[in-house]
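Here are some notes to go with your first look at this one. Have the sequence and the 3D view open while you read.

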Amino acid sequence: DFPCGWSVRCAQPSLKLAGMTSLAACPGEPLRIDGSETENGGVKPLSYQWRVDPSVSDFAAELNAALRELDGPDARVLELPTVRGNRWTFQVKVTTFLGRSSELRRWTVV
C-alpha cells in the first residue's frame, strides 16, 4: 500500500453513473451513460470497462465486441450513436492505476 501510506489502504473507486434508462424517442439520438462523477480514483485517470450482460441484452456479442475497443481512461462517458435491439443491461467497473477496482455496477436501458 506504499502509494497510499503505510497504514492507510488505498480507497476503492466508487462508481457513479447517470444517463438514460430508456431509449430516446427521437431517431438518431445516441445511447449515453455517464460515469465521469466516479470517486476515489486517485491522481491518475481511472480505466473504464463497459460490457453488456449477454443473458438479458439484445445483440450482446456484437455490442461487447464494440465495447472492448473502448476500454480505458477515455471511456468515462459511453456514447453509442447506433445500437441494435431494445434492451441492454450494461455492466461497468473502473480500475485505478494501482489495480484497485470498483464493484461491478449494472445499468439497464429499455
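The points below go from the whole chain down to single residues.

1. First, bear in mind that this is a predicted model. The chain has 110 residues, and 33% of them count as buried. Its C-alpha trace spans about 55 × 25 × 20 Å along the principal axes.

2. For the overall layout, look for one helix and six strands.

3. Now try the open sheet: it has three strands in the order 1-2-4, and the pairing is antiparallel. Strand 1 (18-19) and strand 4 (77-80) are the edge strands, each pairing on one side only.

4. Which residue in strand 4 is the bridge partner of Asp34? That's Val77. Strand 2 (residues 31-34) and strand 4 run antiparallel to each other and pair over four bridges.

5. On contacts: take those between residues at least 6 apart in sequence, and 63% of them join residues at least 24 apart.

6. You'll find Phe97 in the loop between strand 5 (88-95) and strand 6 (105-109). Why does Phe97 count as partly exposed? Because its relative accessibility is 43%, and partly exposed covers what lies between under 20% (buried) and over 50% (exposed).

Conventions. Residues are numbered from 1 along each chain as its sequence is written. This is a predicted model: local features need pLDDT of at least 70, side-chain atom pairs count only at pLDDT 80 or more; totals for chains, interfaces and linings use all residues. Side-chain values use heavy atoms; hydrogens and water are left out. Helices (H or I, at least four residues) and strands (E, at least two) are DSSP runs, numbered from the N terminus. Buried means under 20% relative accessible area, exposed over 50%, partly exposed in between (1.4 Å probe, protein chains only). Two strands pair if DSSP finds at least two bridges between them. Contact means heavy atoms within 4.5 Å.
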